[in-house]
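Reader: Hi! Could you walk me through this one in plain words?
Author: Happy to, here it is.

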Amino acid sequence: MLTEINPTPTIAVKDLNTARHFYEKILGLKPIGETNQMVQLFQCGQSTVEVYKSDFAGTNKATAMTWEVGDAIEEEVKALRSKGVEFEHYSMPDMKLDGDLHVSGDFKVAWFKDPDGNILCMHNH
């Protein structure tokens, strides 16, 4: 049954207003549904992203959400950087750092954080 249903990434944040600004104005996601003080839903492609207020925001030290952006990865990195997004740089086996991109062969990936420290990712394939 679950194989037929699209999952909803659910991301904990400390300040919903700050998160709304980041996810809507910086990342460009479209807010959907009623706005309240605890939860905001965003349309992202064919999926929904749920951002909710939690005392545990930012405690996940692993990637919370990933986008496959294809050949547009360099343009996406440049666009987000122009909006003030800072990218994470990690030391990873078999990957070299090329600007803000981690590269292994033809695979390119970039990580960045939301205002609460949730790790977000995009890669080319």
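Author: Read along the sequence, the protein chain runs β-α-β-β-β-β-α-β-β-β-β-β; helices (H or I, at least four residues) and strands (E, at least two) are DSSP runs, numbered from the N terminus. The radius of gyration, taken over C-alpha atoms, is 15 Å, close to the 14 Å that the globule rule gives for 125 residues, so the chain is as compact as a globular protein of that length. That rule is 2.2 Å times the number of residues to the power 0.38.

Reader: Where do the coordinates come from?
Author: This is a predicted model, where local features need pLDDT of at least 70, side-chain atom pairs count only at pLDDT 80 or more, and totals for chains, interfaces and linings use all residues. Residues are numbered from 1 along each chain as its sequence is written, and side-chain values use heavy atoms, leaving out hydrogens and water.

Reader: How many of the 125 residues are buried, as a percentage?
Author: Buried residues (under 20% relative accessible area, 1.4 Å probe, protein chains only) make up 35%.

Reader: And which residues touch the most others in the largest nonpolar core?
Author: Y23, L27, F112, L120 and M122, out of 26 residues. Such a core is a set of buried Ala, Val, Leu, Ile, Met, Phe, Trp, Tyr and Cys residues joined through side-chain atoms within 4.5 Å. Helix 1 (residues 16–26) gives the largest share, five residues.

Reader: What does M122 contact?
Author: Leaving aside neighbours within four places in sequence, M122 is in contact (heavy atoms within 4.5 Å) with residues including W67, V69, L80, F87 and F112.

Key
Buried means under 20% relative accessible area, exposed over 50%, partly exposed in between (1.4 Å probe, protein chains only).
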